[in-house]
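Hi,

Here is the structure I promised to send over.

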Amino acid sequence: MTDQSSPDPAGSEAGKREPTLDAKVIDIAVRLGVLGLFAYFSLQLIAPFFLFLLWAVVLTVALYPAYDWLAEKLGGRKVISAVLITLLCLAIVIGPVAVLVVSLVETLSGWFHKITGDGLTLPPLPERLAALPVVGDRIAELWGLASRSLELFFTKVGPMLVPAGGRILSMLASLSGSVLFFIVSIILAGCLFVPGPTLGKGAKRFADRIMAPRGSEFVDLAGATIRNVSRGVIGVAVIQGLLTGILLIAFSVPLAGVLTFIALILCIIQIGPALVIIPTIIWAWSSWEFVPALAFTILIVPVMLVDNVLRPILMSRGLDVPMLVILIGVLGGTLTHGLLGLFLGPVVLSVFYELVIAWVKVGEED
């Protein structure tokens, strides 16, 4: 007879393995839970500054070749080079905004003096407007009131303009916040120039841990795309916008600041400033004398075409982001993050597009 109470070695070993496996699963779950909890709270702390850091990283990657060149010319003085690049970027951001604000203030001030001093006269109301059904009589009444006294006209229609005025003020406040955002991001980017190579190596190691063995290749591709889009799209647009604004202000074109901003947006979405420049040239020939109109035309036409020369020089070959991607990035970024998204949207979406295309090609090769 066999002793049923005798120990079974195989069963004993299986019984020991099962608790060991469960213990490992529990241990891993606890570790992942603690890590996820720390990651969650850390992301909550970083979230308010995420866009600042993202735009600072974009600026650092885009401007690092210029910083490296300047540091070499200054004998390896990296801190001084970072400070000079930062100051130059601040001047590029603050200068046009200051000009835009001054131009807007001067325009509004001129309108105010004309309105309060009865220096602004209205032409006779077109008969077509007066003959419109339903609203024709109302338009004729308001037009007549404005012709007699603009002050009384604005007193009467002022309550209806308050909501629009509130929206304009909110837009100006948003613009001021975006400018402050750019300033802070530029300062952060200036602090990232010196430790840039170390941070780049860390980013590659982190990417290799996630997307081995091609993580570092994706980081290099992301950096190349950022520099490509920043220089070939944003950089060329800023240059064209600045040149357009300088000429509009130099020739005292009305609403020069607003027209410059519109031209900048058109340049970023790859349409070009022609929609602003051509009507301005037509207006100049109809309003100015021959010599200033000719001089303005000779100077402004090359600005309208300068992107055809600069873009092939500044954009590296082998990276061709479709215009639709840039357009969606501009529109989506603007709707989501305002003025900041106007610049950041096309860069981020272009990087995502290039990484997805590269990932698909890698999968086909494998």
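Let me start with Phe251, which has a relative accessible area of 21% and is therefore partly exposed (buried means under 20%, exposed over 50%, partly exposed in between, with a 1.4 Å probe and protein chains only). Bear in mind that this is a predicted model, where local features need pLDDT of at least 70, side-chain atom pairs count only at pLDDT 80 or more, and totals for chains, interfaces and linings use all residues. Residues are numbered from 1 along each chain as its sequence is written, and side-chain values use heavy atoms, leaving out hydrogens and water.

**Aromatic pairs**

Searching the whole structure turns up eight aromatic pairs. Rings of Phe, Tyr and Trp (its six-membered ring) pair if their centres lie within 6.5 Å; planes under 30 degrees apart count as stacked, over 60 as edge-to-face and the rest as tilted. (Helices are DSSP runs of H or I, at least four residues, and strands are runs of E, at least two, numbered from the N terminus.) Both Tyr67 and Phe193 are buried.

Phe251 is stacked with Trp288, at 6.0 Å centre to centre and 20° between the planes. Here Phe251 is in the loop between H8 (215-250) and H9 (256-268), while Trp288 is in the loop between H10 (274-287) and H11 (290-305), 37 residues apart. Trp288 is partly exposed too, at 22%. Ring pairs join Phe251, Trp283, Trp288 and Phe296 into a cluster.

**Helix H10**

Which residues of H10 are buried? They are Val276, Ile277, Thr280, Ile281 and Ala284. Down the axis of H10 they fall within an arc of 125°, so they line one face (the arc is that of the directions from the helix axis to the C-beta atoms). On the other side, Leu275, Ile282 and Ser286 are exposed. The buried residues of H10 pack against H8, H9 and H11, where contact means heavy atoms within 4.5 Å.

H10 and H11 pack at about 170°, with axes 9 Å apart. Axes are lines fitted to C-alpha atoms, for helices over the stretch in contact, and angles run from 0 to 180 degrees between N-to-C directions. The two helices are therefore roughly antiparallel (over 145 degrees; under 35 is roughly parallel, 65 to 115 roughly perpendicular, the rest oblique).

Cheers
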